[in-house]
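Visitor: Hello! I am new to protein structures and would like to learn how to read one. Could you walk me through it?

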Amino acid sequence: MIGLAGRTALVTGASRGIGAAIRRCFEASGAEVLAPGRTDCDLAFPASLEAYLTGLRRPVEILVNCAGINPLAALEEADPEVFAQVLQVNLQAPLALARAVAPGMKARGWGRILNVSSIWARISKPRRLVYSAAKAGLEGLTRSLALELAPHGVLVNALAPGFVDTELTRRNNPPQVLAQITAAIPVGRLARPEEIALCAAFLCSEANSYLTGQTIAVDGGYLCR
């Protein structure tokens, strides 16, 4: 495993799916993982996020913004309330978390920020309007933060998973649709959450000493078609 021994990582969305796999991978690699649940830090509410950050006493060396929501909404369904909620959780909360932990990273001369985006930031399909918009913004945030923080030894990247075998994927895609999706993936299967976690571990470790400002698609070749 990639060594993260002695590092403290803050991982949002770590209760299930990709976030849970990242948490397990980091812990197996020697990191101490802070993984607040919704009762501790509800990213949909700025006041809850601010209260959590105010009470945070451990220096955070690695930040993984993995929490996200993906309500399916066509144009006529994407009212301002839905759009605001998706932007808050998927974009504004990652920005607030980065703003909170970046000063300490800069002072220590080392840090890693990883934003979990999606292939839907680059491509889209019906009823992914607000999700695609938010994830595209997250990738723009990644590039801007990378430029600001690189001189201070802080590397910022994003992962864009394709179709991953998680509860959310199966909830949003009935079996017949999943079969069609699988047939369209060049490697012939969905990703396992552990595969995404291994990429995350590399990007957040000392083994990554030069790669910053990038979005890595982990999609089994789906975007190559």
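Guide: Gladly! Let us start with a term: a pocket is an open set of grid points with protein on both sides within 12 Å along at least five of seven lines, and its lining residues have an atom within 4 Å of a point. Please keep in mind that this is a predicted model.

Visitor: How is empty space found in general?

Guide: Rolling a probe the size of a water molecule over the atoms shows where empty space is left. Here, the second largest pocket has a volume of about 160 Å³.

Visitor: Which residues line the second largest pocket?

Guide: The lining consists of Pro46, Leu49, Glu50, Leu53, Gln88, Gln92, Ala93, Ala96, Arg99 and Ala100. By class, the lining has six nonpolar, two polar and two charged residues.

Visitor: What volume does the largest pocket have?

Guide: The largest pocket holds about 1200 Å³ of space. Its lining is made of 44 residues, and Arg16, Ala67, Gly68, Ile69 and Leu168 are the ones that lie nearest its centre.

Visitor: Which helix gives the most to the lining of the largest pocket?

Guide: That is H5, with five residues. At least two residues each come from helix H1 (17–28), helix H3 (80–108), helix H4 (129–149) and helix H5 (167–172). Sorted by class, this lining has 20 nonpolar, 16 polar and eight charged residues.

Visitor: What is isoleucine 22 in contact with, leaving aside its neighbours within four places in sequence?

Guide: Its partners are Val11, Val64, Cys66, Val116, Ala197 and Ala200.

Visitor: And how do I read the strands? How many bridges join E1 to E3?

Guide: Three bridges join this pair, and the two strands run parallel. In this pairing, leucine 10 stands opposite leucine 63 of E3. E3 is also joined to E4 by four bridges, again running parallel, and valine 64 has leucine 114 in E4 as its bridge partner. Look at the side chains of E3 too: Ile62 and Val64 point one way, Leu63 and Asn65 point the other way, and all are buried.

Visitor: What should I know about the backbone angle phi?

Guide: Most residues other than glycine have a negative phi. Arginine 127 has a positive phi of about 75 degrees although it is not a glycine. You can find arginine 127 in the loop between E4 and H4.

Visitor: Why does arginine 127 count as partly exposed?

Guide: Arginine 127 counts as partly exposed because its relative accessibility is 38%, and that class runs between the cut-offs of 20% and 50%. Glutamate 81 counts as exposed because its relative accessibility is 66%.

Visitor: How far apart are the C-alpha atoms of glutamate 81 and cysteine 204?

Guide: They are separated by 34 Å, and the two residues are 123 residues apart along the chain.

Key: Residues are numbered from 1 along each chain as its sequence is written. This is a predicted model: local features need pLDDT of at least 70, side-chain atom pairs count only at pLDDT 80 or more; totals for chains, interfaces and linings use all residues. Side-chain values use heavy atoms; hydrogens and water are left out. On a 1 Å grid over the protein atoms alone, a cavity is a set of points where a 1.4 Å probe fits but cannot get out, and a pocket is an open set with protein on both sides within 12 Å along at least five of seven lines; lining residues have an atom within 4 Å of a point. Grid points are joined across faces, edges and corners, and a volume is the space filled by probe spheres set on the points. Ala, Val, Leu, Ile, Met, Phe, Trp, Tyr, Cys and Pro count as nonpolar, Asp, Glu, Lys and Arg as charged, and the others, Gly among them, as polar. Contact means heavy atoms within 4.5 Å. Buried means under 20% relative accessible area, exposed over 50%, partly exposed in between (1.4 Å probe, protein chains only). Two strands pair if DSSP finds at least two bridges between them.
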